Amino acid sequence: MSDNGVSRDGSNGFSRRGFLAGTGSILGAVALSAQVTSAHAAQTATTTAAAIDDGARVPVLIIGTGYGGSVAALRLAQAGVDVHMVEMGMAWDTPGTDGKIFAHTTKPDYRSYWLRTRTKAPLSNFLGFPIDKNVPKYTGILDAEEMGGITVYQGRGVGGGSLVNGGMAVTPKRANFGSVLPSVNADEMYNTYYPRANAGLGVGLVDPAWFDTVACYQYARVGRKHAQRSGFPFVFVPDVYDWDYMKQEAAGTVPKSAVDGEILYGNNHGKKSLQQTYIAAAKATGKVSISPLHQVTSVAPASGGGYTVTINQLTTDGTVTATKTVTSDRVFFAAGSVGTSKLLVWLKATGVLPNLNDEIGKGWGENGNVMCGRANHMWDPTGKVQAAIPCAGIDNWDAGGAFAEVAPLPTGIETYASFYLSITKNPHRAQFSWNAAAGKVELNWQTAWKQPSIDMAKTIFDKINSKEGTIYRTDLFGTNKIWGDHLTYHPLGGAVLNRATDNYGRLHGYTGLYVIDGALIPGNTTVNPFVTITALAERNIEKIIATDL
Ligand code: FAE
């Protein structure tokens, strides 16, 4: 057993046996695909089996199954509490019409987008041509949610963002932690909760010797050469991908996922998403059940104590087939920064939860995300086979306010492009508010607020371009557009720790209501966020179990 009560192999996370069993069940499911007549039928069956009953009463209800929700579910279950998780997205445990659970990056289909009829790829163009295409409206895995001046990408389904993300598992530098969570004891985080989160997530590092030789990381080696020639620190970045599995992919001995360019719409093999780690462990306790394709729409004080939670059951075209009310003694908001903020802002503004304080909806940031590509010389090819899991970054945070992920462009052809997602020290923060006339919660982020991020990213890439005699790509985000400044992968804030909640995520004004996801973090984590979201959830749930239950 580990220090935190989770059975694991003692090295870097949950037991290898458990993970292989999870992978095996995916492979087994693929083998069964011939029997599946349609993805729609399969998902409906899955959903019905696990769904919560109308009128049920549960001790704890968790809204959402991403990082915060999964940590809460596991630890509460281990403490003996029965937990029900409600997830608006699908279970993602059943193959689609092609025998695979997840669609390929370069061939988005009905599985790829959340209730859109046209894809909205983060890179909208290639060689000047638009790449988006029509798809059937379906409760797909990636939500490109348009919030005024920004498109916020989020994962939808059991596992939340872990289903779609790159798995980059980065602990912020300790010196920067004060700017990330100023009210939290850094010693406790770095001695206890970051290690616990990294263990629980199964974080590991690429083998540097293998990295140096394998074809699928040529793009990252080119990134390293260019960074170092301009004097920037180049760092390997940990990830939750199974690195041994990726070695076998590259050797051609197992079905390929990362090496085949799978990312964004799910990985069919190799990635340790929450389904394989925290959620598998939570389910194994026998005390956690999950309702996929169920969307929470309201949380109100119940007359006999606890809270009445209203839930819409969805079909895969987004139609509401039933509305259920469930009573719960405690409710954890883990719907992600945008999901949690939208619910809380609406509940306060419409008088359902009037005692929430005025910090609700405030302190939202996009982790300073900005993207760009560089056009390399013909003697610097980046490789037509690119592992879709990033493993490296360029650290110019202290000098220039930017940490750039050396990202893949897994197109299957030689592009001579280097591609980067920068996380920057953008100072702007936005606010969610209820627009009664429009009947929706809005976010006041302005696209122009990305300018500081662009300036910070330029501290790296202007210098590299000047040293290498190269230029920016202008064909990836439109025609003649250098910067991907219209989006974020990393929404954070909206119910900030120690402001909208106490210092452990208890919402002010209501006993038994908690926030336990990225909404707690005030807009920036200086690196990719999910390890910090997980570690903070581990810290908070330990305190809540010790004192509230
Ligand atoms: P999250 O994981 O978003 O989970 C919230 C869950 O709640 C989702 O499953 C929702 O479907 C569900 N939900 C929302 N509203 C409702 C409702 N009303 N009723 C029921 N369910 C609901 O929240 N981060 C990294 O650290 N490293 C990376 O490499 C990385 N790459 C990324 C790549 C992409 C393309 C994207 C989109 C994100 C990436 N991220 C990465 C960000 C990371 O996935 C994100 O910070 C976390 O997933 C946020 O965790 P939360 O627990 O806050």
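Start by selecting the ligand and Gly166: a polar backbone atom of Gly166 sits 3.3 Å from a nitrogen atom of the ligand, a polar contact, meaning a pair of N or O atoms within 3.5 Å. This is a predicted model, where local features need pLDDT of at least 70 and side-chain atom pairs count only at pLDDT 80 or more, while totals for chains, interfaces and linings use all residues. Residues are numbered from 1 along each chain as its sequence is written, and side-chain values use heavy atoms, with hydrogens and water left out.

Now pick Met88, where a polar backbone atom lies 3.1 Å from a nitrogen atom of the ligand. Then hop to Gly68: one of its backbone N or O atoms is 3.0 Å from an oxygen atom of the ligand.

Now for the record. Select 488-537, which an unreviewed UniProt entry annotates as "domain: Glucose-methanol-choline oxidoreductase C-terminal"; such annotations may be inferred rather than shown by experiment. That stretch is 16% helix and 8% strand, with its end C-alpha atoms 22 Å apart (DSSP runs: helices are H or I of at least four residues, strands are E of at least two).

Click Cys372: the nearest cysteine sulfur, that of Cys391, is 18 Å away. Cys372 is buried, at 1% relative accessible area (buried is under 20%, exposed over 50%, partly exposed in between, with a 1.4 Å probe and protein chains only). For Cys391, the nearest cysteine sulfur is that of Cys216, at 8.6 Å.

Most residues other than glycine have a negative phi. Go to Trp92, in the loop between strand E2 (83-86) and strand E3 (125-126): its phi is positive, near 50°, and the residue is buried at 2% relative accessibility. Then find Tyr416, in the loop between strand E14 (402-407) and strand E15 (417-424). Tyr416 has a positive phi of about 55° and is partly exposed, at 26% relative accessibility.

Notes. A polar contact is a pair of N or O atoms within 3.5 Å; within protein, one must be able to donate a hydrogen and the other to accept it, and residues adjacent in sequence count only if both atoms are side-chain atoms. A disulfide is a pair of cysteine sulfur atoms within 2.5 Å.
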